[in-house]
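Please look through the sequence and the structure before reading on. The report that follows takes up the ligand and its surroundings, and then turns to the chain as a whole.

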Amino acid sequence: MQILEGKIVSESLKNILKEEVIQLKIKGKRVPHLAAILIGENGASETYVASKIKNCEDIGFKSSLVRLEENIDESILIDEIIKLNNDVTVDGILVQLPLPKQINEQKIISLIDPSKDVDGFHPINMGKLVLGESSFIPATPYGIMLMLEYYNINTSGKHAVVIGRSNIVGRPMSILLSQQKQYANCTVTLCHSRTENLVSYCKEADIIVAALGIPGFLKADMIKPGAIVIDVGITRVEDSSKKSGFSIKGDVDFNAVAPLCSYITPVPGGVGLMTITALLKNTYNAYLQRNSL
Ligand code: NAD
């Protein structure tokens, strides 16, 4: 069994981006710029955005943060997006999800300029993904694909089971794994909360991507020996032994499942780190596209 170390992969990919930024600076060019919009005071969202900004700083990207109150009118957020769309110095825009109830998430995502949509959630980028055209790929599935590539894991012809069909993780993941490309070419089964006999699909899977948000859901008796297990889950579970009062749990019962796998990602230290790295790569690609226009 080999643990797929998000830290090692992300450090390696970030070092490449860092070097690109150094070269840009030497040539006197501006550096890539990611703008984030954070609404309200959701603890997890605060942590994610802070981490995205810190990672930008670490590799030399410019970042900026627009903070808005929880109870703002949708029109205020729309104005901020239009400003960032029109700002020629901004390459990537991300609106941290989830959004407050009064705001229509899909409408907001659709307003982001697709050429700056580094989260890859805009219908145009989603459509391109389905067609296998070059696009911004949602960061979590993209990060997982980068990990498979880094470890040179052969997925061709394998049966992959993706658990969870959200637009940001499960569904794009299922599309990516089914594409006729290297580190893909899988036969994919997309499972969700209404799937009957989920265990039987999992037991037949060569690859399982667990993205449902139920801590420890995937148990040892649900997997085939030698399977590749990718744990996307991130749930805060109360833990009085931690200073923060919680610990982070994945969707896989790691201690029981790991000995049976060929490869497995840990939580933390797996997919989460890759998500941020993929976002940085998308931002860099957005920058390159803008500068080649
Ligand atoms: P979501 O709530 O939008 O979707 C969950 C999906 O799981 C749904 O499609 C639902 O049908 C399915 N599901 C729920 N219960 C199920 C069950 N019992 N059996 C089978 N399927 C079931 O969640 P999401 O945004 O896709 O996130 C999923 C998990 O991944 C969460 O823990 C989230 O925090 C985490 N996440 C991690 C990263 C990362 O970078 N590692 C990024 C995004 C999300």
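How far is an oxygen atom of the ligand from a polar backbone atom of Ile234? In this model, which is predicted rather than determined by experiment, the distance between an oxygen atom of the ligand and a polar backbone atom of Ile234 is 2.9 Å.

| Residue | Atom of the residue | Distance to an oxygen atom of the ligand |
|---|---|---|
| Ile234 | polar backbone atom | 2.9 Å |

The space that the ligand takes up is the largest pocket.

**The shell around the ligand**

The ligand is surrounded by 22 residues, and the closest of these are Arg165, Ser166, Val232, Ile234 and Thr275. When the residues of this shell are divided by type, eleven are nonpolar, ten are polar and one is charged. Helix α10, which covers residues 271–291, supplies three residues, and this is the largest share of the shell.

**The chain as a whole**

The chain is divided into two parts, with domain 1 covering residues 30–113 and domain 2 covering residues 139–272. The centres of domain 1 and domain 2, taken over C-alpha atoms, are separated by 28 Å.

**Details of the backbone**

Some places along the backbone deserve a careful look in the structure. The peptide bond that leads from Leu97 to Pro98 is cis, with omega near 0°, and Pro98 is found in the loop that runs between β4 (92–95) and α4 (105–111). A cis peptide bond also leads from Val267 to Pro268, where omega is near -5°, and Pro268 lies in the loop between β11 (263–264) and α10. Asn152, although it is not a glycine, has a positive phi of about 50°, and this residue, Asn152, lies in the loop between α6 (139–150) and β5 (159–163).

How values were computed:
Residues numbered from 1 in each chain as written. Predicted model: local features only at pLDDT ≥ 70, side-chain atom pairs only at ≥ 80, totals over all residues. Heavy atoms only, no water. Near = heavy atom within 4 Å. Polar contact = N/O pair within 3.5 Å; in protein donor to acceptor, adjacent residues only side chain to side chain. 1 Å grid on protein atoms, 1.4 Å probe; cavity = no way out; pocket = protein on both sides within 12 Å on 5 of 7 lines; lining within 4 Å. Sits in = over half its atoms within 2 Å of the grid points. Helix = DSSP H or I, 4+ residues; strand = E, 2+ residues; numbered from the N terminus. Nonpolar A, V, L, I, M, F, W, Y, C, P; charged D, E, K, R; others polar. Domains from an automatic or database assignment.
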